[in-house]
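Welcome! Here is a friendly walk through a structure in questions and answers. Take a look at it first.

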Amino acid sequence: MLKFVSFRLLSSLVTLFLVITATFFLMFLVPGGPFLSEKINAATLAQINKKYGLDQPVYVQYGNYLKNLVKGDLGISFKRRGYTITEIIAEKFPVSAKLGALAIICALLVGLPAGMLAATKRNTVVDRIIMAVCTLGIALPSFIVSTTLLYILGMQFKVLPVIGLETPRNYIMPVFALSLSPTCYITRLLRSSILDIQGQDYLKTARAKGLGEQVVLFKHALKNALIPVITYMGPMVAGILTGSLVIEKIFSIPGLGKYFIDSIEGRDYTLIMGTTIFFAAILIVANLIVDILYCLVDPRIKY
Amino acid sequence: MANSLLEMDDLRISFFTPAGEVKAVNGMSCALNQGEVLGIVGESGSGKSVSVTALMKLLVRPGKVVGGGIKFDGRDILAMSSKEMRGVRGKDISMIFQDPMTSLNPVFTIGNQLIETIRTHTGMPKKEAADRGVKMLAQVGINNPEKRMKQFPHELSGGMRQRVMIAMALSCSPKLLIADEPTTSLDVTIQAQILDLIKKMRDETGAAVILITHDLGIVSEICDRIMIMYAGRIVESGSVDDIYYSTAHPYTKGLLGCLPGSSKGVRAPLKAIEGNPVDLLDMPKGCGFASRCGECMKICLRENPPSFPIGEGHVSACWKHVPVNASEVRP
Ligand SMILES: Nc1ncnc2c1ncn2[C@@H]1O[C@H](COP(=O)(O)OP(=O)(O)OP(=O)(O)O)[C@@H](O)[C@H]1O
Ligand SMILES: [Mg+2]
């Protein structure tokens with residue numbers, strides 16, 4: 001296990017390196033620059049570019065960036081003057097993390113029971129309703145859900161606040177919009193995996209041993225049925241991460257996602273790189289956790 | 001039969017499918033004594049598994065017992081509530097299945113599954129149940145039982161897992177062990193070991209055994225009595241010697257003809273039984289085997305034969321064996 005974790009950490013360094021390289025060069029392929037929108041003359045612009053090292057060839061800048069990165073220095077922001085990237089991430093990430101964590105918790109807390117309910121009541125009205133809602137929830141993009149919610153609940157009926165995250169009530173709409181699709185996905189996944197294992201011999205054995213239906217379902221069936229759900233957790237974290245970029249923008253939430261979008265629009269190169277690396281690292285860690293969980297639930301998996 | 005452990009009386013089971021009523025078991029009667037080993041033999045689809053599943057009351061929709069009765073240890077199984085029945089399963093009647101590779105839950109340890117069974121029926125404290133589990137594993141010939149308790153099913157071979165299944169099935173000293181093709185998916189040497197084990201366990205625990213199989217060779221080794229099933233009916237039943245040496249029913253003869261090295265002692269060529277199994281959706285009026293039978297008579301197509309006694313405890317459901325004095329039913 002320890003060997004597996006260290007191997008995975010090492011290989012994720014390679015992944016991270018590829019992400020950094022690709023992002024860095026792609027970023028410079030996009031026309032524009034951080035200071036173009038400012039009303040300054042060419043001479044000043046050249047001076048500023050020189051100050052930030054932007055006058056050098058891209059590969060030199062790349063080399064410098066890597067050198068600093070190894071030292072743990074992500075640079076300073078071009079747009080938010082006086083702030084280092086590390087400071088911005090440290091300040092903004094907790095906001096995003098809270099939102100994301102709430103979304104994940106909601107998805108599990110609602111999705112798992114709903115999936116079990118649908119499976120135990122299969123082919124009844126309850127099951128059909130749950131499945132219909134889920135199909136809709138998966139099909140609807142989160143920006144449609146959030147703008148619709150914003151319009152109806154926020155603007156028309158004015159029952160929920162539309163921007164920011166000051167009060168707990170502010171969380172309702174963004175968390176809902178963010179967790180809707182993963183919730184529905186988990187519901188469907190768990191339902192179908194429970195139904196898939198219904199005919200399994202080990203459940204026949206469990207019943208033949210005289211166990212009650214509750215034990216058969218909650219112990220013997222559930223632990224097996226959770227395996228596909230756990231596999232989905234990795235992509236789910238990725239989905240929530242990318243979803244948060246849009247959601248934070250729509251609800252004007254001052255999280256890292258919003259800054260990431262802003263950084264791209266403003267060509268704030270160091271911030272683009274910093275947030276990309278940070279998001280990639282989160283995904284890598286999330287997938288590692290999922291793999292460890294997987295191993296804990298399914299003893300047949302050995303690393 | 002005062003000391004009958006199990007009595008099935010004219011049991012009928014149907015599956016209500018969209019295509020119609022599949023009559024899987026059509027009037028099955030049998031009695032089993034304490035400590036007796038009964039072999040049920042028949043081709044695929046003859047209703048062997050379905051009938052014992054009904055005995056455990058584990059039939060699932062669309063299967064339903066549509067007639068007859070099952071009495072176990074003086075109690076009416078079919079009338080029992082699901083709670084009462086849970087107390088019977090695994091405690092008084094246990095069952096092991098064909099494929100030991102899939103009958104154990106892959107995500108729980110052997111110990112967990114064994115202890116669970118014991119505690120469900122005895123309410124023993126965990127420690128004591130674990131000791132009992134280890135003892136059971138040792139008894140079924142598993143070496144290093146303490147270590148095995150902590151292992152997962154995939155760490156054991158097929159034969160070992162079937163031993164674990166047997167240990168689990170016998171852990172609460174049942175009166176009846178049902179083994180549904182317990183050796184079909186194992187290789188030949190392991191098959192023999194498992195059969196020996198079942199026999200040994202019967203001797204040690206005194207549990208009656210119902211052994212289901214396709215293989216007449218297997219049953220002859222360990223069974224006291226054999227029942228031959230065809231199309232949801234028992235066509236012949238008797239002692240091993242009755243079945244082998246005074247074979248009565250044409251279907252049984254056909255089955256024996258399928259065995260390499262026939263009962264006559266001469267190496268006759270292997271014979272297949274011609275024709276196809278009957279359509280359980282549309283059972284013929286007469287004998288189910290009539291269309292494949294080389295000795296078919298007119299009455300066989302008209303009326304289903306009841307069981308005729310041909311010897312002490314040996315019966316055959318074939319019109320050929322109608323007692324001579326009942327001449328009016330002769331064709
Ligand atoms: N779920 C079901 N739906 C419809 N028919 C069924 C169902 N289960 C069993 N049957 C019918 O019951 C008949 C008997 O099945 P059963 O499983 O008892 O056969 P078997 O004698 O155990 O055969 P095998 O040796 O292959 O295990 C089958 O021919 C099939 O037509
Ligand atoms: Mg069967």
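Q: Which residue of chain B does Lys209(A) meet in a salt bridge?
A: A salt bridge is counted when a side-chain nitrogen of Lys or Arg lies within 4 Å of a carboxyl oxygen of Asp or Glu. The side chain of Lys209(A) has its N 3.0 Å from the O of its partner, and that partner is Glu116(B).

Q: What kind of model is this, and how are its residues numbered?
A: This is a predicted model, where local features need pLDDT of at least 70 and side-chain atom pairs count only at pLDDT 80 or more, while totals for chains, interfaces and linings use all residues. Side-chain values use heavy atoms, with hydrogens and water left out, chains are lettered from A and ligands numbered from 1 in the order in which they are written, and residues are numbered from 1 along each chain as its sequence is written.

Q: How many salt bridges and polar contacts link chain A and chain B?
A: Between chain A and chain B there are two salt bridges, and the pair Lys209(A) and Glu116(B) joins these chains' side chains in such a bridge. A polar contact is a pair of N or O atoms within 3.5 Å; within protein, one must be able to donate a hydrogen and the other to accept it, and residues adjacent in sequence count only if both atoms are side-chain atoms. For chain A and chain B, the number of residue pairs in polar contact (both at pLDDT 80 or more) is 15.

Q: How much area do chain A and chain B bury between them?
A: Contact here means heavy atoms within 4.5 Å, and it takes 20 residues from chain A and 26 residues from chain B. Buried area is the accessible area (1.4 Å probe) that two parts lose on being put together, summed over both. With 61% of it on carbon and sulfur atoms, the area for chain A and chain B is about 2,000 Å².

Q: Which three residues supply 28% of the area that chain A buries against chain B?
A: Their share is more than that of any other three residues. They are Ala208(A), Lys209(A) and Pro299(A).

Q: How many helices does chain A have?
A: Helices (H or I, at least four residues) and strands (E, at least two) are DSSP runs, numbered from the N terminus. Chain A has zero strands, and its C-alpha atoms fill a box of roughly 85 × 55 × 30 Å along the principal axes. Its number of helices is 11.

Q: Which residue is the salt-bridge partner of Lys249(A)?
A: The structure holds 23 salt bridges over all chains. In this one, the closest N and O atoms are 3.0 Å apart. The pair links distant parts of the chain, 13 residues apart, with Lys249(A) in helix α9 of chain A and its partner in helix α10 (residues 256-265) of chain A. That partner is Asp262(A).

Q: How far apart are the centres of the two domains of chain B?
A: An automatic or database domain assignment gives the bounds, dividing chain B into domain 1 (6-92 + 174-328) and domain 2 (99-173). Taken over C-alpha atoms, their centres are separated by 30 Å.

Q: Which element gives the most residues to the side of domain 1 of chain B that touches domain 2 of chain B?
A: The two domains of chain B bury about 1,500 Å² between them, 65% of it on carbon and sulfur atoms. On the domain 1 side, Pro174(B), Leu197(B) and Met201(B) lose the most area, together 31% of what that side buries. Between the domains there are zero salt bridges, and five residue pairs are in polar contact (both at pLDDT 80 or more). The elements giving two or more residues to that side are α2 (82-88) and α8 (188-205) of chain B, and the one that gives the most, with eight residues, is α8(B).

Q: Which residue has a polar side-chain atom 2.4 Å from an oxygen atom of ligand 1?
A: There are 15 residues around ligand 1, counting a residue as near if one of its heavy atoms lies within 4 Å. A polar side-chain atom of Ser49(B) is 2.6 Å from an oxygen atom of ligand 1, and a polar backbone atom of Gly47(B) is 3.1 Å from one. At 2.4 Å, the residue asked for is Ser44(B).
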